[in-house]
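Please load the model in your viewer and keep a selection panel open. The stops below proceed one selection at a time.

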Amino acid sequence: MSRIGAVQFRDTVLDAGSFVSWDDAPLAVPTDDDYRRELADASEATGLDEAVLTGEGTIFGRRVALVACEFDFLAGSIGVAAAERIVSAVQRATAERLPLVASPSSGGTRMQEGTVAFLQMVKIAAAVQLHKLAHLSYLVYLRHPTTGGVFASWGSLGHVTIAEPGALIGFLGPRVYEHLYGEPFPSGVQTAENLHRHGVIDAVAPLSALRSKLDRALRVLVDEPGLPPAEPDVAPHPDVPAWDSVTASRRPDRPGVGYLLRHGTTDTVLLSGSGGGEAATTLLALARFGGQPAVVLGQQRVVGGLVGPAALREARRGMALAADLQLPLVLVIDTAGPALSVEAEQGGLAGEIAHCLAELVTLDTSTLSVLLGQGSGGPALAMVPADRVLAALHGWLAPLPPEGASAIVYRDLDHAPQLAAAQGIRSVDLLRHGIVDAIVDERPDAADEPAEFTARLSASIAVELHRLRATPAERRLDARLTRYRQIGLPG
């Protein structure tokens with residue numbers, strides 16, 4: 001396939017005429033005659049003085065920093081001079097508090113410089129990580145081809161990672177594999193599309209669509225919050241039997257997190273799901289609720305969609321993303337429970353639940369949990385301990401599905417409705433115990449009025465996010481820890 005050059009990438013993504021180069025003459029490194037000739041030939045062929053160009057420009061008027069590789073300059077390989085140029089640009093972007101857009105296209109380490117070049121990936125990764133620790137955005141567009149140490153360092157650290165359609169992307173170069181093992185690397189593995197299916201990258205998009213995708217992401221990541229909508233009317237909550245709520249929460253036509261994102265948010269950017277595609281039980285996105293930006297982490301009700309270790313690792317990615325970017329985290333709980341299997345046990349399911357719980361309750365950003373439907377078992381609990389908790393009227397939370405509790409207590413499934421009532425799993429019970437802060441009405445069932453219910457839920461989320469934004473950060477963690485310590489205590 002044809003390759004996109006660094007200059008073409010730059011000129012397509014940035015506003016016309018906005019680019020300002022940050023590049024000085026490349027750092028002089030020791031070279032022999034052959035290497036000097038290769039550098040001179042590469043410069044003449046590309047019109048560039050190194051395999052990387054850097055600078056700043058605007059995307060729909062927003063200042064951004066930009067780093068882009070040129071593959072036609074010695075296969076976009078990174079040596080000392082190229083690495084120093086990248087690090088200087090990343091550090092300047094950090095100092096000037098600019099979002100950073102990076103676009104690798106590289107075979108990896110520059111072989112002419114050997115191990116010293118190999119170690120350059122360390123300082124690039126360090127600079128990128130410090131940029132992220134400063135709560136600044138890092139957006140990556142992987143172009144054909146991106147392999148080796150570049151993919152295994154700054155190419156894989158994006159908050160959002162998009163790839164060119166059909167691009168060869170992988171750690172091990174296929175030519176190296178073939179020479180080492182005497183057979184070709186399996187086809188179709190190191191492609192943008194396959195990595196997207198497996199949740200390694202967030203999206204695949206042609207260069208022509210990238211500018212609009214970056215604009216949408218930057219609306220959430222950079223633009224100021226808008227004013228929230230008016231607070232929804234609060235009606236008295238009907239006294240619905242617990243089993244009726246359990247039944248309602250399991251209706252296949254009940255609106256879930258996907259419906260909420262499609263109809264209750266704006267500027268939505270879908271990120272990778274664990275396992276990829278429609279079957280992912282965890283959905284991750286950037287979005288705005290009534291003008292309030294957030295990272296959204298939601299459990300999807302899919303056939304056989306019990307939550308396993310990979311889904312919880314994706315949840316932890318969402319938590320880290322929100323903390324990195326200092327955006328509020330909205331967690332949508334809707335799960336039939338944990339995967340009960342050999343694979344889940346050996347994959348560390350219990351440990352992943354524990355890490356989710358520990359990381360969420362201490363997370364360094366504001367958090368809002370939404371009990372949208374079923375809240376069964378450890379995977380539900382792992383997404384509960386937020387600053388504020390909303391529940392749909394028919395949302396419920398329990399250690400096990402009521403049938404499981406019945407099996408333990410009565411050795412049958414017949415007592416599930418009785419135990420659902422006795423265990424206090426309903427939204428109104430959770431409100432009384434201080435586990436939930438507010439209930440979003442269903443009139444009488446979200447599945448019968450999906451658009452209207454979603455509008456109410458989205459407005460409630462926006463109001464809560466606006467309130468949380470006004471809470472001083474230094475008080476947030478203490479208040480959250482105090483809240484969860486007091487649940488269940490008398491008085």
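**Stop 1: helix H11**

Select helix H11, residues 257–264, which is mostly covered, with six of its eight residues buried. Buried here means under 20% relative accessible area, exposed means over 50%, and partly exposed lies in between, with a 1.4 Å probe and protein chains only. Helices (H or I, at least four residues) and strands (E, at least two) are DSSP runs, numbered from the N terminus. The buried residues of H11 are Val257, Gly258, Tyr259, Leu260, Leu261 and Gly264.

The model is predicted: local features need pLDDT of at least 70, side-chain atom pairs count only at pLDDT 80 or more, and totals for chains, interfaces and linings use all residues. Residues are numbered from 1 along each chain as its sequence is written, and side-chain values use heavy atoms, with hydrogens and water left out.

**Stop 2**

Move to strand E10, residues 266–270, where Asp267 is placed. Asp267 has a positive phi of about 55° although it is not a glycine. Its relative accessibility is 16%, so Asp267 counts as buried.

Now select Leu286. Beyond its neighbours within four places in sequence, Leu286 is in contact (heavy atoms within 4.5 Å) with Val160, Val220, Leu221, Asp267, Thr268, Val269, Leu271, Ala294, Val295 and Leu321.

**Stop 3: the nonpolar cores**

Which residues touch the most other members of the largest nonpolar core? They are Phe9, Leu286 and Leu329, in a core of 69 residues. Helix H12 (residues 309–325) gives the most to this core, with eight residues. Another core, of 32 residues, lies apart from it and has Val87, Ala127, Ala163 and Ile201 among its members. A nonpolar core is a set of buried Ala, Val, Leu, Ile, Met, Phe, Trp, Tyr and Cys residues joined through side-chain atoms within 4.5 Å.

**Stop 4: the seven-stranded sheet**

Switch to a cartoon view for an open sheet of seven strands, in the order E1-E2-E3-E4-E5-E7-E9 and with mixed pairing. The edge strands, each pairing on one side only, are strand E1 (20–21) and strand E9 (203–204). Two strands pair if DSSP finds at least two bridges between them. Strands of a sheet pair through backbone hydrogen bonds, either parallel or antiparallel.

Select strand E5 (residues 138–142) and strand E7 (residues 160–163): they run parallel and are joined by four bridges.

Is Thr161 buried or exposed? Thr161 counts as buried because its relative accessibility is 8%. Leaving aside neighbours within four places in sequence, Thr161 contacts Val140, Leu142, Gly155, Ile201, Asp202 and Ala203.

**Stop 5: backbone points to inspect**

- His135 lies in the loop between H5 and E5. Its phi is positive, about 65°, although His135 is not a glycine. At 34% relative accessibility, His135 counts as partly exposed.
- Pro145 lies in the loop between E5 and strand E6 (146–147). A cis peptide bond joins His144 to Pro145, with omega of about -15°.
- Pro444 is placed in the loop between strand E16 (438–440) and helix H19 (450–469). Arg443 and Pro444 are joined by a cis peptide bond, with omega of about -5°.

**Stop 6: the largest pocket**

On a 1 Å grid over the protein atoms alone, a cavity is a set of points where a 1.4 Å probe fits but cannot get out, and a pocket is an open set with protein on both sides within 12 Å along at least five of seven lines; lining residues have an atom within 4 Å of a point. Grid points are joined across faces, edges and corners, and a volume is the space filled by probe spheres set on the points.

The largest pocket has a volume of about 760 Å³. Its lining has 25 residues, of which Gly107, Gly108, Met111, Thr147 and Val176 lie nearest the centre. Helix H5 (120–133), helix H6 (148–151) and helix H7 (174–181) each supply at least two lining residues, and H7 has the largest share, three residues.

**Stop 7: the largest cavity**

Finally, select Pro238, Val240, Ser245, Leu393, Arg426, Ser427 and Val428, which line the largest cavity. About 30 Å³ of space lies inside this cavity.
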